[in-house]
Amino acid sequence: MYAVVDIETTGGKYNEEGITEIAIYKFDGLKVVDQFISLVNPEKPIQPFVVNLTGINNDMLRNAPKFYEVARRIVEITEDCVLVAHNAKFDYRILRTEFKRLGFDFERRSLCTVELSKKLIPGQASYSLGKLVRALGIPLSDRHRASGDAQATVKLFKMLLAKDIEKNILKDAVKLEPKRQIDTRLVYILEDLPGITGVYYFHNEEGEIIYIGKSRNIKKRVTQHFTNEQRKAREMQKEVSSVSFEATGNELAALLKENQEIKHNKPKFNKVLEKNIFSHALYHSTDEDGYINLKIGRAGKKNSITTFSSLKRARNVLEMWITKYELCPRLCNLEKGNGNCFNYTIEKCNGACIKEESAEAYNEKVRALINQHSYKTQHMLVIDRGRDIDEKSALLVEDGEFKGIGYFNLNHQINNIDIIRSIITPMKNDRDAQHIIQSYLRRNSRLKIIPLAPAT
């Protein structure tokens with residue numbers, strides 16, 4: 001659990017500043033679960049330049065609560081949380097100073113989104129909150145007011161969590177969670193899990209990831225793990241100390257993230273993805289008469305159009321495409337023999353098998369299939385559901401290479417390729433990722449696909 005904080009102060013000498021406004025959003029990695037926002041009477045005048053910067057003046061604070069009146073609420077909302085702030089050293093120092101004046105030792109672990117951004121989003125022109133979120137397309141209202149800045153920091157931190165491929169932020173937070181007794185541990189874990197689409201992580205007592213999975217309903221899937229009587233499941237049940245999760249909003253993002261993170265983290269209980277997740281592919285060649293032929297074969301050769309998880313799946317899809325594109329089963333190598341194919345006799349083939357349909361006309365239909373189902377030269381964004389109602393996901397393909405996935409709230413964010421590249425969490429363009437994307441696009445033909453201009 002995280003407490004995202006922003007503080008406005010009076011300005012003045014080091015360690016003599018007073019708090020004028022504070023905003024704290026308690027954030028579980030997915031959504032804000034509690035919040036505290038208040039003006040604070042600092043019992044000292046505000047520096048004039050600060051008044052101009054924030055718009056907060058002495059008159060506004062005359063009837064505001066003093067710090068000792070809000071101190072208990074600050075302690076309660078930040079308890080068992082990692083403190084997150086943009087320039088966390090400043091906010092944490094101010095809080096500790098105020099509590100010290102009350103004789104209370106306020107201690108929390110802290111994370112700085114400036115430092116995290118420099119590591120996870122390198123190459124930005126500026127890492128000040130206003131300029132950084134503008135470059136990333138994150139909306140920011142009430143700049144230099146605690147609530148507006150803290151809300152923007154929540155959105156920035158959410159992006160940073162997604163970009164943290166090593167999962168160092170998550171592992172550190174897990175280590176801080178209070179440990180449960182062994183007999184109630186699994187029950188408590190399930191109580192905290194949501195029924196959403198995403199990737200989940202089993203951790204041992206040291207916070208290390210021992211299993212990664214994905215589901216369209218995380219709570220339901222983890223419940224199945226915890227009630228399974230098979231040997232592997234029982235071993236995991238003994239070792240798991242906590243479960244964390246990352247919402248993805250849609251199954252495609254969950255599949256891709258699971259594929260990458262299992263290969264990257266190599267959890268001890270994950271064995272499935274050591275081999276390719278597809279077995280067959282569709283290839284094309286041109287015969288001596290100039291007709292493009294299609295053929296299903298074992299995966300692994302270069303220049304395949306698309307891949308399939310099994311031979312049966314490959315045949316089913318190709319039969320569907322033969323009907324959709326009015327192709328010849330004989331030239332797709334699903335029917336042997338000489339003369340016309342069976343589809344010709346029932347008027348579902350235009351006679352390419354006996355050269356009644358010209359190679360030019362037939363090949364145009366085959367190329368339409370290839371262009372639709374192979375993204376080797378594609379430049380596109382695939383838009384899908386996001387993690388919240390007002391959010392969408394964007395999968396980026398440039399020059400036929402899968403670049404990664406990001407999330408956006410405002411449509412203007414996807415009109416600028418530089419912003420797109422900034423919000424995208426880079427992911428590996430391996431053959432399994434390509435198979436996952438192609439299979440998902442085949443099953444979900446209504447997804448919004450935005451063509452992009454070729455990269456320069």
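Across the interface of domain 1 and domain 4, 1 salt bridge is found. The model is a predicted one. The side chains of Lys158 and Asp388 meet in a salt bridge, with N and O 2.7 Å apart. Polar contacts between domain 1 and domain 4 number 3 residue pairs, both residues at pLDDT 80 or more. On the side of domain 1 that touches domain 4, α6 (129-135) and α7 (146-163) each supply at least two residues. The most comes from α7, with 4 residues. By class, this side of domain 1 has 9 nonpolar, 2 polar and 3 charged residues.

The two domains belong to a chain divided into four parts. These are domain 1 (2-176), domain 2 (184-265), domain 3 (280-373) and domain 4 (380-451). The C-alpha centres of domain 1 and domain 4 are 31 Å apart. In the interface, 14 residues of domain 1 are in contact with 12 residues of domain 4. Together the two domains bury about 980 Å² between them. Carbon and sulfur atoms carry 53% of that area. Within domain 1, the most area is lost to domain 4 by Gly137, Lys158 and Lys163. These three together account for 41% of what that side buries.

Salt bridges also occur elsewhere. The structure holds 23 of them. Side chains of opposite charge can pair when their charged atoms come close. Arg145 is partly exposed, at 22% relative accessibility.

Lys263 is in helix α12 (residues 251-265), whereas Asp432 is in helix α17 (residues 431-443), 169 residues apart. Lys263 is partly exposed, with a relative accessible area of 28%. Asp432 is buried, with a value of 2%.

Arg234 and Glu229 form another salt bridge, with their closest N and O atoms 2.6 Å apart. Arg234 is partly exposed at 38% relative accessible area.

Thr306 is found in strand β11 (residues 306-308). Thr306 is buried, with a relative accessible area of 1%. The side chain of Thr306 makes a polar contact of 2.8 Å with the side chain of Arg442. Beyond neighbours within four places in sequence, Thr306 is in contact with Ala281, Leu282, Trp321, His373, Gln438 and Arg442.

Arg109 lies in the loop between α4 (88-101) and β5 (110-112). Arg109 is partly exposed, with a relative accessible area of 44%. Arg109 and Lys89 are 20 residues apart in sequence. In space, their C-alpha atoms are 11 Å apart.

Technical notes. Residues numbered from 1 in each chain as written. Predicted model: local features only at pLDDT ≥ 70, side-chain atom pairs only at ≥ 80, totals over all residues. Heavy atoms only, no water. Buried < 20%, exposed > 50% of the residue type's maximum accessible area, 1.4 Å probe, protein only. Polar contact = N/O pair within 3.5 Å; in protein donor to acceptor, adjacent residues only side chain to side chain. Contact = heavy atoms within 4.5 Å. Domains from an automatic or database assignment. Buried area = accessible area lost by both parts, 1.4 Å probe. Salt bridge = Lys/Arg side-chain N within 4 Å of Asp/Glu carboxyl O. Nonpolar A, V, L, I, M, F, W, Y, C, P; charged D, E, K, R; others polar.
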